[in-house]
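Morning, everyone. Let me put the structure up, and then we'll walk through it.

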Amino acid sequence: MKILKIILLNLLILSSLIASDLQSDSQELLTNSYSKKETVILDLTKKYKSEKKFEYLLQKLLAGDLYYTKNDNRIVFLKEKKESNYLTVDIFSGEKLSEASKYDFKKVKINNKLRNIIKASLAKINLFSTDEDKRLNSAKNLLKNLKLDDKEIIIEALQSEKSSNIRDILDEANTILIAQYGTTEEKYKAVDKLGGFISSKTLATLKDVLNNSEDEKLKTIAESSLDIVEIKKSIYSFIETAFFGLSMGSVLLLAAIGLAITFGVMKVINMAHGELIMIGAYTTYTIQQLFPNLIEYSVIIAVPCAFIVSGIVGILIERLVIRHLYGRPLETLLATFGVSLILQQLVRTIYSPLNQEVKTPSWMSGAWEVNSSLFLTYNRLYIVIFSVMVFLAILYVMKKTSLGLKVRAVSQNRPIARAMGIKSSFIDAATFGIGSGIAGVAGVALSQLTNVGPNLGQAYIVDSFMVVVFGGVGNLWGTLIAALTLGEINKFIEPISGAVLAKVIILVFIILFIQKRPRGLFPQKGRDAQD
């Protein structure tokens with residue numbers, strides 16, 4: 001216990017000594033000379049870059065809130081203005097001073113040049129912060145605004161940095177400086193090494209060397225490194241496009257999987273399927289409006305709610321409309337198209353004809369930065385994972401449960417299934433409810449990618465039918481492969497042809513494909529399968 005007290009006492013004395021030194025050295029900031037202030041800030045940065053109080057002092061100075069008392073030169077920051085009086089706090093001790101007249105204080109003034117120096121100093125301080133995110137952001141800023149003066153601090157940071165990600169950025173910055181300002185031999189090695197980096201700063205440096213250097217050997221090395229960097233960037237660009245195609249395919253899978261079940265089992269062309277997606281999206285919006293303090297959990301809460309709401313609406317459509325029209329596909333198509341118009345108008349009346357914004361939880365915002373050329377947005381990443389989970393859940397229900405067995409029996413041969421005692425009427429309602437519920441879940445996912453509006457479903461109904469027809473009616477694996485294939489094709493064609501022409505090309509492709517394989521990629525098999 002006694003030893004602990006001695007240690008604490010020593011730490012306290014050491015802390016007070018450091019504070020005292022910083023406090024006395026900071027007095028030189030009270031000069032009126034801007035050039036002298038510039039020198040003082042640079043000296044203090046070198047000496048106290050690891051001091052939190054110095055970082056705080058610079059932040060207050062940059063914000064224009066740093067003052068000192070005229071009677072005893074005590075450095076304070078302004079906490080609050082009360083008419084002509086100031087309420088201030090000692091920057092070093094944290095002691096609140098008594099309210100005093102503004103004429104008792106003098107502001108520590110800075111100009112634009114000093115502001116830039118302070119910003120650079122703060123970036124350098126953050127480079128040695130204990131917070132890894134701060135160091136990472138500081139290293140990125142340093143690389144973005146690289147100057148020869150930064151070389152010393154980069155080398156110092158490289159010696160102490162443990163994180164490999166931050167070390168790579170600092171190493172790249174150091175290599176660029178050597179490629180620009182080193183000796184001839186150093187430049188050769190540095191330019192060659194730049195082929196291992198892929199940031200835009202490296203690309204600009206290599207192009208600058210290639211265009212402006214008079215050393216032919218250096219230009220040859222730069223050309224070789226530039227080729228390597230551009231190949232790497234092309235590969236990462238391809239991966240990024242493939243990821244966007246995968247996320248679009250996941251959205252198509254969510255939108256089409258419910259349709260695949262209802263169309264496969266009941267042979268009903270449900271034109272209101274898009275509106276069931278829309279209802280799911282509006283369920284998310286409604287939950288956010290009812291519980292504004294639960295935005296972070298709103299999407300998770302919305303998933304079961306959207307499934308139930310859309311499922312109930314689907315069962316009502318089946319019981320009130322569709323069951324009277326079995327075996328008459330054209331009438332079913334027209335009836336469900338009428339239902340879709342009614343649902344759209346109902347939503348316009350209840351909410352508004354205008355699109356509504358659904359907030360994205362913070363854990364779905366932002367992007368995963370794999371490297372400086374590859375960013376994967378979290379919302380699309382979660383949608384990919386979510387669609388896989390939904391697909392596996394549906395697959396389990398259809399393959400491993402009694403309900404799934406009955407659904408498959410009805411889809412393959414309805415009369416024999418009835419003869420075996422299966423209530424096809426109940427299966428039809430349950431199947432339509434499950435398919436509609438999944439459409440509602442798709443709406444929850446879509447609400448995180450786009451605004452919610454009465455016409456939301458219309459944008460996906462055609463795509464959903466294309467996926468079902470292309471994959472094979474009623475086949476879940478076919479739906480999965482078709483959705484991912486169409487998503488990838490669309491994303492790779494879109495940059496070349498434009499969004500509209502890409503849709504047309506895919507439509508023509510499917511029409512031609514159906515001519516060859518009318519029952520899709522994976523048609524239902526078995527001698528009892530109905531046409």
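One term before we start: buried means under 20% relative accessible area, exposed means over 50%, and partly exposed is in between, with a 1.4 Å probe and protein chains only. This is a predicted model: local features need pLDDT of at least 70, side-chain atom pairs count only at pLDDT 80 or more, and totals for chains, interfaces and linings use all residues. Residues are numbered from 1 along each chain as its sequence is written, and side-chain values use heavy atoms, leaving out hydrogens and water.

Now the rings. Phe, Tyr and Trp rings (the six-membered one for Trp) pair if their centres lie within 6.5 Å; planes under 30 degrees apart are stacked, over 60 edge-to-face, the rest tilted. The whole structure has 13 aromatic pairs. Take F470 and F509: edge-to-face, 5.7 Å centre to centre, 70 degrees between the planes. F470 sits in helix α18 (458–471) and F509 in helix α20 (499–516), so this pair ties together parts 39 residues apart in sequence. Helices here are DSSP runs of H or I, at least four residues; strands are runs of E, at least two; both are numbered from the N terminus.

Are F470 and F513 buried or exposed? Both are buried. F470 has 4% relative accessibility. F509, at 34%, is partly exposed.

On to the sheet. Strands pair if DSSP finds at least two bridges between them. Five strands form an open sheet, ordered β4-β3-β2-β1-β5, with antiparallel pairing. Its edge strands are β4 (100–101) and β5 (105–107). Six bridges join β2 (75–82) to β3 (85–90). L78 stands opposite T88 in β3.
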